[in-house]
Structures are given as C-alpha cells and as structure tokens.
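Let's take a walk through this structure together, one feature at a time.

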Amino acid sequence: MKPSLLRILGCAILVVTMLAGCRGTGTVRALDLREKPPMVQVTDIEPVKIVIEPLDDRRADKSRVGLRTHLWGGTTYFNVPGDRLASVITQRLADRLRTRGWQDRVWDVRVAPAGSVSDADIVISGQVVDFSASAKSRVFSTVIDTRSRFKVVAKNQADQSTTIRNIEGGRSRTVFWFSEDDIQEQLSVTLKDGIERLISDTTIEEKALRSVREQ
C-alpha cells in the first residue's frame with residue numbers, strides 16, 4: 001500500500017474514532033469537587049467561634065451541576081456524588097477558613113445544623129443560587145463555561161448585626177481534547193474563586209464579620 005494511502009487511511013480511522021466519542025448517551029458522570037485541606041501546624045487559633053450552617057440549595061435545577069452537548073448529538077450530564085452540592089460547598093468553605101482564612105490566619109470553624117449552636121460569635125448561612133457548567137463540543141474543540149452565584153449571610157452575636165454578601169463569578173475555557181477532568185477542574189476552581197472573593201471582601205473585627213466596603 002502506498003504511503004499516501006496509508007496516511008489517508010490513518011486520517012479516516014482517526015476521524016471515525018473522534019466521531020464515535022462525539023455522541024452523548026445521556027449518562028450521568030460524578031464529579032469530585034472536594035479539595036484536600038493542606039496540612040497546617042495549628043499553634044494559634046483566633047479566639048472567635050464561627051459556625052457555618054449548611055447552605056441552602058436554591059438552584060432552579062438541582063438534578064445536575066453540568067452538561068456536555070456532543071458534536072453529533074446527545075448529552076452527558078454531570079453531578080456530585082449523592083446530589084449533595086450544597087454540602088460539598090459548605091465543607092469547602094469551612095476547610096478553607098480553618099486552614100487559611102481572614103488575614104491568612106487559622107480560625108475556629110465548625111459546620112453544624114441550623115439553630116443547634118448557641119455559643120458562636122458568628123453564624124454563617126447562605127444560599128447556592130447558581131453553580132453550573134456547560135461544555136459544548138465543536139469540531140476539534142470544546143468550550144467549557146462555568147458560573148457561580150452565592151448569597152452569604154453572617155449574623156454577629158456581639159452587636160446583633162448582619163452582614164450579607166452576594167458573590168458571583170464564572171470562567172470560560174476552550175480545550176482541544178475534552179476530558180471529564182476538565183469540567184471537574186474548572187468547577188472546582190470556580191468554587192475556589194468564590195470562596196476567595198468572600199474572604200477578600202470581608203474581614204473580622206471585634207468578633208464580628210464585616211464587609212470591607214463598610215470600613
């Protein structure tokens with residue numbers, strides 16, 4: 001067989017292989033959005049007791065966190081194990097504040113059911129309004145878009161005040177070869193962006209959580 005025919009045959013096999021993977025089957029893939037907290041030496045915890053109540057999932061569609069539209073038809077859906085997105089986000093926030101929260105310090109933070117703790121200086125609650133991803137496959141590329149929108153409410157025991165922050169964000173990325181790890185990584189980074197934004201937009205002063213814009 002001539003080299004030119006071999007090249008044509010090789011290209012044909014490659015195209016057929018690509019097209020075979022460009023049709024969705026309607027299956028649901030599980031995404032792991034947990035992040036292993038870094039090891040820190042806890043020697044000086046801030047003397048402020050913070051309780052995070054599980055966030056309320058207010059998304060319009062709670063059946064999934066993302067989907068991929070395939071080039072030649074069909075869809076693949078993405079979700080977190082157990083459909084417990086709000087719990088995953090709550091835990092990510094708690095882990096971040098325990099290891100490196102405001103002013104890069106270690107804070108006394110725990111997750112507890114609503115109304116179960118009475119000795120906290122600050123009680124954080126909130127809503128997951130939007131947290132989603134969409135991946136649209138095209139010829140030789142896939143565009144991945146992620147969005148997040150959270151409402152965070154902090155009730156301060158010291159003066160009975162309330163601080164409310166609305167955090168929104170999103171990312172967009174184009175990849176040549178799509179992998180499920182791409183959408184998992186982008187959602188995880190989008191969540192991290194939201195937590196970092198909350199920390200940068202607020203501060204703790206006299207055992208109360210304040211918005212930086214109020215200073």
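Please keep in mind that this is a predicted model. Helix α2 spans residues 85-100 and helix α3 spans residues 180-201, and their axes come within 11 Å of each other. The two axes cross at roughly 55 degrees. Angles from 65 to 115 degrees would count as roughly perpendicular and those under 35 as roughly parallel, so α2 and α3 are oblique to each other. If you look at the handedness, the crossing of α2 and α3 is right-handed.

Now zoom in on the residues that meet there. From α2 come Ile89, Arg92, Leu93, Arg96, Leu97 and Arg100. Their partners in α3 are Ser188, Leu191, Lys192, Ile195, Glu196, Leu198 and Ile199.

Next, turn to the surface. Which residues form a nonpolar patch there? They are Val139, Phe140, Phe176 and Trp177, which together have about 480 Å² of accessible area.

Phe140 sits in the loop between β7 (122-138) and β8 (141-156). Its backbone is worth checking too: phi of Phe140 is near 65 degrees, a positive value in a residue other than glycine.

Terms used
Residues are numbered from 1 along each chain as its sequence is written. This is a predicted model: local features need pLDDT of at least 70, side-chain atom pairs count only at pLDDT 80 or more; totals for chains, interfaces and linings use all residues. Side-chain values use heavy atoms; hydrogens and water are left out. Patches are made of residues with over 30% relative accessible area and no salt bridge: like charges are joined within 9 Å, nonpolar side chains (Val, Leu, Ile, Met, Phe, Trp, Tyr) within 5 Å. Accessible areas come from the Shrake-Rupley method with a 1.4 Å probe; for residues, only the protein chains shown count as cover. A salt bridge is a side-chain nitrogen of Lys or Arg within 4 Å of a carboxyl oxygen of Asp or Glu. Helices (H or I, at least four residues) and strands (E, at least two) are DSSP runs, numbered from the N terminus. Axes are lines fitted to C-alpha atoms, for helices over the stretch in contact, and angles run from 0 to 180 degrees between N-to-C directions. Angles under 35 degrees count as roughly parallel, over 145 as roughly antiparallel, 65 to 115 as roughly perpendicular and the rest as oblique. A crossing is left-handed if the near helix is turned anticlockwise from the far one by less than a right angle, and right-handed if clockwise. Contact means heavy atoms within 4.5 Å.
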